[in-house]
Number of protein chains: 2
Amino acid sequence: MTDTLTRTDLGAEAARWIERLARVSEPGPGVTRLPFTEEHRSVLPLLTELMESAGLGVRMDAAATLIGRRGGPAGAPTLLMGSHQDSVRQGGAYDGAMGVVLPVLALRALGDAPLPFAVEVLAFADEEGARFPTALMGPRALAGTFDPAVLDLADPGGVTLRAAMEGFGLDPDAVAGLRRDPAGVMGWIECHIEQGPVLEAEGEALGVVTAICGIERHSVIWDGEAAHAGTVPMALRRDALAAAADLVLAVEARARETEGLLATVGALKVLPGVVNAVPGQVEMTVEIRAPDDAVREAAGAALSARAEQIAAARGVRVAMRRTYAQPATPCDPRLQDALAAAVRAVGGRGMRLASGATHDSSAMADLCPVAMLFLACRDGISHNPAEYCAPEVMGHAVEALAALLPNLERS
Amino acid sequence: MTDTLTRTDLGAEAARWIERLARVSEPGPGVTRLPFTEEHRSVLPLLTELMESAGLGVRMDAAATLIGRRGGPAGAPTLLMGSHQDSVRQGGAYDGAMGVVLPVLALRALGDAPLPFAVEVLAFADEEGARFPTALMGPRALAGTFDPAVLDLADPGGVTLRAAMEGFGLDPDAVAGLRRDPAGVMGWIECHIEQGPVLEAEGEALGVVTAICGIERHSVIWDGEAAHAGTVPMALRRDALAAAADLVLAVEARARETEGLLATVGALKVLPGVVNAVPGQVEMTVEIRAPDDAVREAAGAALSARAEQIAAARGVRVAMRRTYAQPATPCDPRLQDALAAAVRAVGGRGMRLASGATHDSSAMADLCPVAMLFLACRDGISHNPAEYCAPEVMGHAVEALAALLPNLERS
């Protein structure tokens, strides 16, 4: 059935839907569509129209996940696909929304061709956490990892998640009942823009995700001695910023020399922070990401040890404390292979890469095997009005999904 | 006459005067005595009492410099000594005030012993520039380098220097007429706490200043590319903070390997400055000080070149711009030697060291040969309520000055 529409046609159709969805936004640059808002309410009929155009039966669950279902043989398991409807503030048009559009277009392209399983395309309400200090409610509800305590968290305007859901016509207490039986779920496949520059740099439209990186964050506080920059000789200084600079470069060097490791000093503050004073204190962050938790943990430990060495050598004190840690989510090897084969079948290399960012897939992994297809984006830009994925790339992805589904073994 | 009082007595007397003067302060920790304020007005009778106790004739000039004069033979030149009455906000008791107390006590110790020159002890109104965005009016007036345009500068409360002076009973337009004839001035000798840790580390009470360091300051702006810390591989990053860290360490290394050079990165700001973003921009300062202008200028040029190399190697842009430059003030070799001989005569080593900070001497050098005697302070702390100079050290300095004066050749 994919023969009936060219890649250009499929890409153009995807771009039309992305454009229609992007118009449903708060005023201002880019797309701002937060969960349980007027914009969220307005996007649901559009997504319903999209899903129904592929013959899907559409309903919304108690977590405001819009679900478009294509039935399968009696007793057959269900393959879940999709992504999220929401955006960050002044974000892009592709992040999330594209992951709903593409599988629907692939199912439409497949038409009546029988599949040995059912398929559901999910549009989750809140992946970004841009309104409430929590996120991923939809997939967590399905996986049975939803914590009802988050219902009491409030947005910056003081509205609790519970109140926002009730205002949206939902029963918050029904979320706990959405848990799916893993036996009935074949797996989860999510399409997403890469949000990075790797595929573009490689000249590839599509990439298969190996894992969603684990993340750890550290707070580092250097205590030296503030001093007059004109009166304290170099040999008598205990310069907190020079010590911090040593660690900034050690963080970078560790990541450069370690396959798959990302490490970043993103924030750094200097006290007293004036031109004529030797810095007495520096506060900085270290963030480490890797698809392999052992690699990440080893880097965290090595950099903590390095900080101690730097402090000892410079006569300053350091307190490096891990403030956050989230393990990696490996993607299912069989689904990865199937996805890579589908990408190759439509002319790609089936290149593998890790995801540095968190996705709905991170939470879905608690329910079932997960896989992700990354699409090249322009200049690696995301969470920004300039976010862009070429129609040709999207058409390529629809073809790959349409090639994947008939070849996916029921499991 | 120094025989009549022991070093302990002289130090105790100095400490008593320092304590009396320190009580004349705005409320709050330490000493806050700004020019042309009630505190300034209140300190003048005390300083007058101090000067008159040594038989000096006291007057105040149009720049509010309090002048205590000991006459000399007819037609003899005048040796100027002293320092400043004002403090920074919440500063210490010794900075400035001690430089007025010690020469007066030395003259008192000398008693009627004849000198072949007149001596004036000066207490300048404003060295720190803590109230108005200008400083050194008193010595600049004497040297003929006073710029009347600064009279229109205002303090944070909107009061101009002109208005403040008028409120103090002064005629601002008379300041220009204070210029001294260099032929009548033998030189300027200033006692000051070191404000650094060198003498204390050397176990010396007194040191002779070789030069007041020249200073240059640079603004450095690094433009890299802000990026998601999870999605951009190390090889594709253009991290402004890593580039800045390279320069922080290069600045330190240059100073460590160059005799007499001080170089400091005191301020550094990171944008966007969040834990999960590769820094896109960093603004930092570089300050360089040296007693030798050629050494300082060479360091500035070398570090600018190094910044360009770092930028090129990292694919970021850098703009390093010199925002300030002030040449060094060499101290007079003959006065230095005389001061060192006097220090040795009272048991010190006559150690030489540069001054990293600016002093009244910096401006007096435009009028006459200058010299400075540094006194060891505790832990190198200054501009702070904890500033402290031991009575023993002050007594030592009074003895050195009393030993110096009779041996100073009239020139």
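Predicted model: local features only at pLDDT ≥ 70, side-chain atom pairs only at ≥ 80, totals over all residues.
Residues are numbered from 1 along each chain as its sequence is written, chains are lettered from A and ligands numbered from 1 in the order in which they are written, and side-chain values use heavy atoms, with hydrogens and water left out.

View 1. The peptide bond from Leu271(A) to Pro272(A) is cis, with omega near 0 degrees. In chain B, the bond from Leu271(B) to Pro272(B) is also cis, with omega near -5 degrees, and Pro272(B) is placed in the loop between β10 and β11 of chain B. Gln90(B) is not a glycine, yet has a positive phi of about 55 degrees; this residue belongs to the loop between β3 (78–84) and α3 (97–110) of chain B. Helices (H or I, at least four residues) and strands (E, at least two) are DSSP runs, numbered from the N terminus.

**View 2. The interface between chain B and chain A.** Contact, defined as heavy atoms within 4.5 Å, joins 47 residues of chain B to 47 residues of chain A. The two chains bury about 3800 Å² between them, 65% of it on carbon and sulfur atoms. Thr231(B), Met234(B) and Val275(B) supply 16% of the area that chain B buries against chain A, more than any other three residues. Buried area here is the accessible area (1.4 Å probe) that two parts lose on being put together, summed over both.

View 3. The side chains of Arg314(A) and Glu252(B) form a salt bridge at 2.7 Å, N to O. On the side of chain B that touches chain A, α7(B) gives the most, with 9 residues. That side divides into 27 nonpolar, 11 polar and 9 charged residues. Ala, Val, Leu, Ile, Met, Phe, Trp, Tyr, Cys and Pro count as nonpolar, Asp, Glu, Lys and Arg as charged, and the others, Gly among them, as polar.

**View 4. The largest pocket.** A pocket, on a 1 Å grid over the protein atoms alone, is an open set of points with protein on both sides within 12 Å along at least five of seven lines, whereas a cavity is a set of points where a 1.4 Å probe fits but cannot get out; lining residues have an atom within 4 Å of a point. Grid points are joined across faces, edges and corners, and a volume is the space filled by probe spheres set on the points. The largest pocket has a volume of about 780 Å³. Of its 33 lining residues, Glu127(B), Glu128(B), Tyr324(B), Gln326(B) and Thr358(B) are the closest to its centre. β7 (214–223), β13 (317–326) and α10 (360–364) of chain B are the elements that give two or more residues to this lining. By class, the lining has 13 nonpolar, 13 polar and 7 charged residues.

**View 5. The second largest pocket.** This pocket has a volume of about 630 Å³. Its lining comprises 24 residues, of which Leu136(A), Ile215(A), Tyr324(A), Gln326(A) and Thr358(A) lie nearest its centre. β7 (214–223), β13 (317–326) and α10 (360–364) of chain A each supply at least two lining residues.

**View 6. The largest cavity.** The model holds 6 cavities of 30 Å³ or more, and about 100 Å³ of space lies in the largest cavity. Met234(A), Asp239(A), Ala242(A), Glu252(B) and Ala263(B) are the closest to its centre among the 13 residues that line it. α7(B) contributes the largest share of the lining, 4 residues.

Key
Salt bridge = Lys/Arg side-chain N within 4 Å of Asp/Glu carboxyl O.
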